[in-house]
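Thanks for coming, everyone. Please look at the model first.

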Amino acid sequence: MEINVRYTIRFAVVLSLVICAAWESRAAAVDFANDVGPLIARHCLRCHKPGNAQGDISLATIEDLRENEFLSAGRPDTSHLLSLVTSSREEDRPQMPKEGPPLSADEREILRRWIIEGAPWPEGVVLKEPTLADETWWSLQPLADVAPPDVPSAPARWRSHPIDQFVFAELNANQLTPSPPAERSDLIRRVTYDLLGLPPTPDEVAAFVADDAPNAWDRLIDRLLNSPHYGERWGRHWLDVIRFGESRGFERNEIITNAWPFRDYVIRSFNEDKPFDRFVLEQLAGDIIAPGDPSIEVATTFLVCGPYDDVGNQDAVQAAQIRANTIDDIIRGTSEAFFGVTVGCARCHDHKFDPITQQDYYALYSIFAGVTHGEREVATPAARKERDEQRAPLERTRQKLHQQIASIDKSVQTRADQRAEEIAKRWTRPALQRTLTEETFSPIDTKFVRLIVEGAEENPAIRVGFRIDEMEVWTSGSGSRNVALASAGGRASGSSRVAQDFAAAYSADLTNDGRFGARWIADGSELTIELADVHAIDRVSFSSDRQGDAGDHSVAAFVSEYRIEASLDGKTWRPLADSHDRQPINETHRRHRLHQAVTTPDERQQLSDLRRQLAEINQQIAAVPALPRWWVGTTTRPAGPFHVFLGGDPQKPGEEVSPASLSFLKDVSPPDASLSDNGPERAALAEWIVDPRNPLTPRVLANRVWQYHFGTGLVDTPSDFGAMGSLPTHAALLDWLAQELITPEGEGGCGWRLKDLHRLILTSQAYQQKSAYREEALAMDAGSRLLWRYPPRRLSAEEIRDTMLFITGKLDPTMGGPGFKLYQYLQDNVATYVPLDKYGPETYRRSVYHHNARASRIDLMSDFDCPDPAFAAPRRAETTTPLQALTLMNHQFTLDMAAALTERIERDAGGDASAQVKQSFVLAFGRLPDPGELDSSVRFVTQYGFPALCRVLLNANEFVYVR
């Protein structure tokens with residue numbers, strides 16, 4: 001009976017489990033959309049997706065799974081997909097996924113049940129790897145229509161300005177209070193640096209402090225915004241954002257001498273308060289919207305102001321990759337500067353964090369594919385017409401002379417062809433060889449041997465530019481030895497190509513050092529070897545590529561015609577050998593020889609006269625003023641078709657793409673999907689970027705302006721508003737500012753004009769607060785992001801340098817034009833930038849006019865974090881290093897400025913030490929010294945001299961910080 005009971009209970013339990021499992025199976029079929037699809041996308045598509053399929057296996061569609069035999073519908077035990085994600089032992093890791101955690105038991109069960117159910121996959125569904133953010137991300141939403149919040153507890157002065165209402169609301173929510181208003185002397189110093197990048201003069205400080213009119217602050221802001229120095233300061237900010245540099249970058253890094261007109265355009269645009277939507281349009285499509293207007297066309301330098309590789313790789317695959325890299329820089333520069341998203345991360349695959357697809361990236365690629373780096377003429381139609389009218393008669397004369405020369409040459413060549421066989425019989429010896437050419441002759445006593453080149457391999461009519469790696473002079477008789485060697489006392493001389501950064505790089509000394517590889521590059525036609533003593537010689541040899549490493553590459557350019565001569569005294573020369581009876585080295589050389597052989601004396605004279613006249617005409621043509629050639633790039637309408645590059649590889653074209661706006665904004669800013677129908681693509685893209693419905697551009701721009709006033713933006717990643725960027729500290733305020741920025745002026749907004757936005761920010765109490773430290777507030781908000789105080793900031797590198805020049809009276813106010821250099825530029829195959837040791841008045845201009853080359857270290861400016869334009873710098877680093885203090889104390893520029901400041905103060909304040917100290921404090925800090933500072937400074941001057949005090953002041957925190 002007991003057995004029966006146990007059997008009955010066990011049977012009932014098993015039966016109930018079976019019934020429950022069956023019921024659960026019927027009631028909860030696997031949901032592909034919510035269970036299977038996300039599981040595969042999350043664990044598999046990182047590696048196995050279209051265009052980037054590792055092992056050539058994609059799992060994005062049911063066809064992919066079937067094609068690769070990953071599924072046996074209804075049979076989980078024979079489905080390869082399930083076996084890959086399951087290990088035979090609990091402690092072992094399954095084969096897949098290789099990256100990330102393995103599937104959990106529940107996830108494997110979902111796959112198993114899905115396969116049992118026949119692996120249903122909705123028709124047409126293509127899985128995509130999930131991104132951290134999608135189209136609902138905050139920065140991709142339309143600008144919110146927000147009103148400034150009213151906080152009844154706010155002080156009265158914080159309730160009248162919209163910005164203050166937003167700021168105070170956040171402070172109040174975090175149990176913080178704002179700081180009291182700053183001192184007027186601090187305010188004028190703060191705002192003058194913010195808008196001009198220079199300090200106020202002592203007279204300006206005194207006038208503002210004494211001005212108690214209600215509109216004194218507003219009038220000060222207007223005066224500063226109307227200063228031409230405003231464009232210099234804020235133009236520099238924009239040049240940082242767009243990676244503007246004046247050298248090409250990469251390994252050659254050759255200097256660019258004609259990009260400065262763009263820098264002047266940017267400064268001019270800020271000073272004119274050009275609406276930013278127009279500013280965007282001009283930079284992306286100035287050549288399209290205003291052809292023939294240099295003041296607008298110059299703006300397209302934006303497209304080509306980044307680094308690019310100009311080495312010129314001869315491998316077609318590498319050349320295509322370099323070209324793709326170049327366009328990638330334009331895409332990144334455009335997307336990050338104007339709408340603050342990292343589109344460049346979708347080059348090889350869909351963006352990992354933001355909803356940006358490869359199709360988005362290559363749609364932009366197709367727009368910029370017609371842009372090529374370089375210079376071209378930029379001029380008005382009238383200027384072109386005037387130039388052409390001046391050149392036309394000269395060009396006609398030149399053409400006539402060319403025709404006359406060609407007529408004589410043709411006649412000579414006809415005779416040469418007729419006598420070619422006869423003349424060729426004179427060429428009895430083998431042609432010259434790059435690897436070794438040798439001449440033997442009867443023994444002769446000599447101390448000097450010279451090689452006279454009568455024609456170069458690449459052009460038999462010229463006698464320079466050839467290369468020699470070794471020349472040897474051999475003694476006669478038994479035991480012959482090379483007495484030309486430097487080790488044997490030989491000395492080589494000859495005019496050489498000069499490399500400024502390495503004087504001996506192409507020296508004639510390379511021709512008798514006993515080594516091969518490095519070559520003398522001739523800048524003349526003679527190479528002379530002076531022997532240590534008089535020797536009897538019977539053989540001379542020379543080569544340009546002794547080991548044959550260079551093959552036919554032009555680096556081994558050789559000679560085509562030569563003579564060898566000897567001398568005992570270096571004055572009277574005797575011929576030893578020549579190449580006149582050798583076979584010509586190439587067809588060009590052969591025809592040149594034939595031509596020379598049959599030309600009559602009369603024909604030589606005629607040709608000489610005509611070529612002299614031609615040279616004169618060429619000089620006259622060259623004297624016609626050239627039209628400006630600026631680094632604006634060349635542009636064509638890209639022909640296409642264009643494709644996604646699978647894995648970013650130009651050799652793996654995927655699906656075809658056409659110019660289009662970014663798809664993730666299609667529901668917010670929806671111009672036509674294709675830009676091709678909206679006129680030239682770059683102009684259409686620019687119009688889309690500044691479309692009022694596009695929320696990114698005004699948000700990014702408003703945030704940048706805020707950042708340059710407060711040190712940190714409301715979003716502290718100013719060129720990344722995506723998932724890897726920061727969230728805004730004041731989201732509602734940012735949207736309100738962005739809306740004010742784009743609202744037309746007639747409706748009370750800024751109409752895209754930045755000066756109105758400046759006024760809005762600068763008139764807030766948030767901006768005019770003290771910057772004083774408050775321990776309790778600092779404990780809650782160490783970065784002052786909630787603006788319980790004005791965040792003090794260190795001056796930028798340019799501000800420090802310009803301030804030194806300004807307070808000493810040395811600043812050259814010249815605006816625009818070619819920049820100055822704080823380095824010596826040396827250029828041969830590669831460029832070298834050597835920092836100057838001494839700085840003359842020609843360098844005393846504002847730092848924005850410095851010729852800002854890539855990979856060039858500029859002492860003081862580099863030490864204080866002036867960015868290298870190899871990369872965009874949307875937010876500058878602010879480091880603190882011992883080198884900064886040493887630079888401000890001991891750098892030659894600082895010493896020069898301390899001496900200049902001493903001269904100015906002694907001139908202005910007379911010989912009274914107390915008056916001198918007061919004047920120095922007013923100039924350096926914008927205030928008088930307190931009694932203790934005055935007393936200690938006077939005693940310091942008495943002991944160490946006034947230049948030493950000036951060095952101390954230039955090294956003070958108060959000098960390099962704005963509070």
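The largest pocket holds about 730 Å³ of space. This is a predicted model: local features need pLDDT of at least 70, side-chain atom pairs count only at pLDDT 80 or more, and totals for chains, interfaces and linings use all residues. Residues are numbered from 1 along each chain as its sequence is written, and side-chain values use heavy atoms, with hydrogens and water left out.

What is a pocket here? On a 1 Å grid over the protein atoms alone, a pocket is an open set of points with protein on both sides within 12 Å along at least five of seven lines. A cavity is a set of points where a 1.4 Å probe fits but cannot get out, and lining residues have an atom within 4 Å of a point. Grid points are joined across faces, edges and corners, and a volume is the space filled by probe spheres set on the points.

Back to the largest pocket. It is lined by 37 residues, and the closest to its centre are Gly711, Arg793, Arg794, Arg876 and Glu878. Which elements supply at least two residues each? They are α10 (228–241), α22 (696–710), β15 (793–794) and α26 (797–808). Helices (H or I, at least four residues) and strands (E, at least two) are DSSP runs, numbered from the N terminus. The largest share comes from α10, with 5 residues. By class, the lining of the largest pocket has 12 nonpolar, 9 polar and 16 charged residues. Ala, Val, Leu, Ile, Met, Phe, Trp, Tyr, Cys and Pro count as nonpolar, Asp, Glu, Lys and Arg as charged, and the others, Gly among them, as polar.

Now the cavities. The count is 6 cavities of 30 Å³ or more. The largest cavity has a volume of about 100 Å³. Residues lining the largest cavity include Trp234, His237, Phe270, Arg704 and Leu754. Here α10 and α22 are the elements that give two or more residues. The lining of the largest cavity has 9 nonpolar, 1 polar and 1 charged residues.

The second largest cavity has about 80 Å³ of space. Its lining includes Arg801, Tyr839, Asp859 and His891. Helix α27 (residues 859–863) gives the most, 3 residues.

On to helix contacts. Axes are lines fitted to C-alpha atoms, for helices over the stretch in contact, and angles run from 0 to 180 degrees between N-to-C directions. The axes of helix α7 (residues 184–196) and α10 come within 6 Å and cross at roughly 70°. So α7 and α10 are roughly perpendicular (65 to 115 degrees). Tyr193, Asp194, Leu195 and Leu196 in α7 meet His229, Tyr230, Arg233 and Trp234 in α10. Contact means heavy atoms within 4.5 Å. This one divides into 5 nonpolar, 1 polar and 2 charged residues.

Next pair: helix α6 (residues 162–173) and helix α23 (residues 731–742). They pack at an angle of about 165°, with axes 9 Å apart. Therefore α6 and α23 are roughly antiparallel (over 145 degrees). The contact involves Pro162, Ile163, Phe166 and Val167 of α6, and Ala732, Leu733, Trp736 and Leu737 of α23. How does that contact divide by class? It has 8 nonpolar, no polar and no charged residues.

Note on methods:
Parallel < 35°, antiparallel > 145°, perpendicular 65-115°, else oblique.
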